[in-house]
Amino acid sequence: MSRKADVPTAPVTAVPQRPAPDEKRALVEGLFAVGAGVINNACVKLLATMPTSQLILLRAAGTVLVLLPVMIRRGLRRPPPAVIARAALEALATVCLMHALTLASLSFIATVMMTIPIGVMAANWVLAGEPLSPRGRVLLLIGFAGAMVATGPALAGSARGAIFAIISAVFYVTRDLVTSRRASDASSLELSFTASIATLVLAVALGAITEWRPLQAGESGILAAMIGFYILSNLLIASATRARRSTLVAATRYSAVLWAALFDLVLFQAAPRPLTLAGAALIAVCGLGLMCTERRPS
């Protein structure tokens, strides 16, 4: 029998993998969602002379009016109790956040908000007994060290601003702890719409004990931009997470302090304080590290 000659094969070289189109899109949408959210916060700060309850009511009412036709087309329904509870907690968090924005810098507020996912993970570990590796515990300590560095009242420029920002973050953490799993069946649009209604009701109640004033020249345009960027931020987040790249999208939230520093400089001529940036960097290292080391199988 004749033997076939061995044909030499060319060595196989590894081809570097490029990010899939869905990953690129999710990353871009996540970054711009964070940017739109910071622009919304900047608009709140530009309207800081307006009574906070009036500002909250106008944004909530505008958001409800924009989303209502979409919700009607999709079919309005009575929200389940978990969605209502989530909306109530988010309304309380929103009121505290918007009041803090009128008092403290954008960079400070962004840094405080970056602690929310770390707080949720720490609370799940301590209260719910969820497993956390030794490396994860070290990362949590780094994150809380960053929070202590970055969130001192002196860095906020206002003790009241710092207090309201921290209370807002606590409400957001509580919202995620209490309702994230029970409300997981609701769409992001339904959650935003229900939260806006709850915020509107709370703003009306607060308006009963505060005096409102007529809009001044130029404020209508800022209000429209605030509502538009708030809705845009929510839509971009919903679109980005639809690509099932939740870890990638979650990582973009840590760009918030960069967006905030930019708008602090451009709009308010306020340079972010070095300690705020240092604390934000520690929080970002903690958050990104936890996403990589403590990722749960889906």
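A: Helix H2 gives the largest share of the lining of the largest cavity, 4 residues, where helices (H or I, at least four residues) are DSSP runs numbered from the N terminus. At least two lining residues each come from helix H2 (52-74), helix H3 (81-101) and helix H9 (188-207). The model is a predicted one, in which local features need pLDDT of at least 70 and side-chain atom pairs count only at pLDDT 80 or more, while totals for chains, interfaces and linings use all residues. Residues are numbered from 1 along each chain as its sequence is written, and side-chain values use heavy atoms, with hydrogens and water left out.

A cavity here is a set of points on a 1 Å grid, over the protein atoms alone, where a 1.4 Å probe fits but cannot get out, and its lining residues have an atom within 4 Å of a point. With grid points joined across faces, edges and corners, and volume taken as the space filled by probe spheres set on the points, the count comes to 1 cavity of 30 Å³ or more, and the largest cavity holds about 70 Å³ of space.

Its lining is made by Ile 56, Arg 59, Ala 60, Thr 63, Glu 90, Thr 94, Ala 195, Ser 196, Thr 199 and Tyr 230. Sorted by class, this lining has 4 nonpolar, 4 polar and 2 charged residues, under a scheme in which Ala, Val, Leu, Ile, Met, Phe, Trp, Tyr, Cys and Pro count as nonpolar, Asp, Glu, Lys and Arg as charged, and the others, Gly among them, as polar.

Methods:
1 Å grid on protein atoms, 1.4 Å probe; cavity = no way out; pocket = protein on both sides within 12 Å on 5 of 7 lines; lining within 4 Å.
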